[in-house]
Amino acid sequence: MNSNWFKLLMMATKVEYGKNLLLKGVPVIFNKSGAKLTIGDNVTINSSFLSNLVGLYQRTIIITRTSRAEIRIGNNVGISGATIYARKSITIGDNTNIGGNAKILDNDFHPLEIEARNADIKEKISSKSIVIGRNCFIGCNALILKGTILGDGCVVGAGAVVSGQYEENCVIAGNPARVIKKL
């Protein structure tokens, strides 16, 4: 399936996207009925093995999982083989690049309580909004967890596990991630 056919599928599921959306390979983009998924102008989504030579393990996956979920991707954003999965909300600012195989997850996927997990009670899944500012760079294999707020101009190191609030123009790295430098 070429990207033009996939854009028709995106329109059918009410994904809103701006001018010059470039799909390299075929991503997995699913917008739950009632949810809001918007992609800005001049966005590039890499989903094929050769579209980013860092070595992509998967196609890009962008999913709104509940009818109340919202994903907003700004203008001039680049995404490579990443997973962006929202039960509540994820906002990605303009001019941000998301490196190969990064994961941005606003929820725990499963309830933490044993009884709720065994009963598969979806309402008990904890979710907190994620906000990634403008002009950020998320390194390959980084994991951005629920409730994270990255100020404008932040750089997240490869493989970092990020949770919490970070001021603008910080370099964040490690597991758990911490500020290692101010720009």
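A pocket, on a 1 Å grid over the protein atoms alone, is an open set of points where a 1.4 Å probe fits, with protein on both sides within 12 Å along at least five of seven lines. Its volume is the space filled by probe spheres set on the points, which are joined across faces, edges and corners.

The model before you is predicted: local features need pLDDT of at least 70, and side-chain atom pairs count only at pLDDT 80 or more, whereas totals for chains, interfaces and linings use all residues. Residues are numbered from 1 along each chain as its sequence is written, and side-chain values use heavy atoms, leaving out hydrogens and water.

In this model the largest pocket holds about 150 Å³ of space. Its lining (residues with an atom within 4 Å of a point) includes Arg 68, Arg 87, Lys 122 and Glu 123. By class, the lining comprises five charged, two polar and one nonpolar residue.

I turn to the strands, which are DSSP runs of E of at least two residues, numbered from the N terminus; two of them pair if DSSP finds at least two bridges between them.

Now to strand 9, residues 83-86. Four bridges pair it in parallel with strand 6 (residues 61-64), and three join it to strand 12 (residues 103-105), also parallel. Ile 84 is the bridge partner of Ile 62 and stands opposite Ile 104 in strand 12. Thr 83 and Tyr 85 point one way, Ile 84 and Ala 86 the other, and all are buried, that is, under 20% relative accessible area with a 1.4 Å probe, protein chains only.

Notes:
Nonpolar A, V, L, I, M, F, W, Y, C, P; charged D, E, K, R; others polar. Buried < 20%, exposed > 50% of the residue type's maximum accessible area, 1.4 Å probe, protein only.
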